[in-house]
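Hi,

Here is the structure I promised to pass on. Please have it open while you read the notes below.

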Amino acid sequence: MISFTKYRVIIVSITALVVLVTLAASYHLLDFPNVSLGRQHPPPPPPPPHHHPPHRPPQKSPEEPPAIPEKPQEQEKPQQKEEKMTPEQHQAFIEEQRNKPHLPHPDELYSLKRVRKVPEKVTSTIFMFRGDFSSDLYDLFALQKRATRYCDKDTMVDGCDVKLPKNYKWGTLSEKLFDSLGLMCKAPEKTDFYVKIDDDLIMPESKLEDAMRTMAATDCQVAGGIAVDYGFYWAVGQIYIFKRAVLEKICPQLPVTNIFHSSEDISFGSLLNTTDKSMFCNLHKPENHWHKKYKDRRVEIKYYIQHNERRESHKYYTPYLSHVKELYSLTPVREAPKEITSTVFMFREDLSSKFFDVFALQKRAIKYCDKDSTIAGCDVKLPNNYNADTLSSKLVDSLELMCKEPTKTDFYVKIDDGLIMPDSMLEDALRVMAATDCQVAGGIARDYGVYWPLGQIYIFKRSILERICARFPITMDLSGSEDITFGRLVNSTDQSVFCNMKKPKNHWYRRYKDRRVRIDYLTHHNV
């Protein structure tokens, strides 16, 4: 009986407490009209007159509006356009990203866990770049026939679906990709997937459909050959697939983002700028797609040139020139002089090693630097600043200065700052070359309708410099590789003018190792 009474007292006490709390809350709500339970309260009455003297309202009115113009500044897209990096900051940023440790590799698409049901059908937009270098048979392959084909403004080739607002070149393919994505962003209807393919991708349509359906059932947002060598993930360009959410994420960034890199695929990765491994998955070849080459028991497919090679006119279809002979295999036609004069030159840049006088050839070389370069070890400041896309202009400006020198040397030697070569081996090559009719020695390429030397090192005689000097002022297109531009300046298909200087007989590039020393250059000179 005592126990029951005790419990009844407790219950009554709790009930009374609930009632008190409810009343207090009601009083609180009424006392603070800005707090509402689903209804609007009238604004509070104006404060007593003595709180607002007559002279204050005119002052308060102009004081409050500043909050209004500040809002648009906060709501607008961050003004990144005005804060774009300078070329020097941009180059430093690229180098910083490239030097970061490699990221862990993402999982393979078909190994991922399914987190939702595989759909029976998905919608997709396939797109590719088509140009004068593309095959005439644009509707032979199913994926190319199905793709939206983006072309330059003045491209005359058949099979263009969209003409872009300008013309592009190898070094501006990132801009071409951004312009293409911008048009997709403006499309009134979006698809589930977007698929970027190269025009030399070989892939059955059924394999692509299966990959997209599988991807739809996973959390992977970007599939392809995922590279891990920058500070963010990016997809190699033969093919990459990305979901609508990825396009919607990058659309607002396109107008205000720096072009990160001349490679359009690395620039696409920079738009996402993420190290989240779960967003990416690998789509491995040759399980479901191939690049440039495919062969089975019945058919063989080959693409002969890289899709974005920059060549003159119709030299895309020019057969390879004949191989040239090796320097040390040539028959001497004269006695080599006892003394030979030479000018060794190289480009020195902010990303070059600071130890410009450790290696004998680099110490000996005339080091050409950009106009505003602050790096130590510059011998000649050129009239402009340059980047990876304007190295041809840098070479031409350097050659023009050599042409103006009153005294010419017997030989001119262009070296990269990643060349590893003993000074004595260069001197020996010069003496051997002086006894032959070879005018240009190096790693001689033959795939552009003219012979041209690879850039690690090439040697040319005074007669070649004089031949180039006679062409100034240079009016030809200076886009693309500076080494190809040198070949176009010489402009010769005469096999006897050139000779190969094969490595590793007497020089190495970026890496060397023997029983005592190891040398590694970690980045390419014009990254």
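What follows is a short tour of the aromatic rings.

This is a predicted model, so local features need pLDDT of at least 70 and side-chain atom pairs count only at pLDDT 80 or more, while totals for chains, interfaces and linings use all residues. Residues are numbered from 1 along each chain as its sequence is written, and side-chain values use heavy atoms, with hydrogens and water left out.

Rings of Phe, Tyr and Trp (its six-membered ring) pair if their centres lie within 6.5 Å; planes under 30 degrees apart are stacked, over 60 edge-to-face, and the rest tilted. That rule gives 15 aromatic pairs. F141 and Y303 make a tilted pair, because their ring centres are 6.5 Å apart and their planes meet at 40 degrees. F141 sits in the loop between strand 1 (124-129) and helix 5 (142-146), and Y303 in the loop between strand 11 (300-302) and strand 12 (342-347), so the pair links parts 162 residues apart in sequence. Helices (H or I, at least four residues) and strands (E, at least two) are DSSP runs, numbered from the N terminus.

Another tilted pair is Y451 with F498, at 5.1 Å centre to centre and 40 degrees between the planes. Both are buried (under 20% relative accessible area, with exposed over 50% and partly exposed in between; 1.4 Å probe, protein chains only).

Y194, Y240, F242 and F268 form one aromatic cluster.

Finally, the charged end of K414 sits over the ring of F347, 5.5 Å from its centre (NZ of Lys or CZ of Arg within 6 Å of the ring centre and within 35 degrees of the ring normal).

Best wishes
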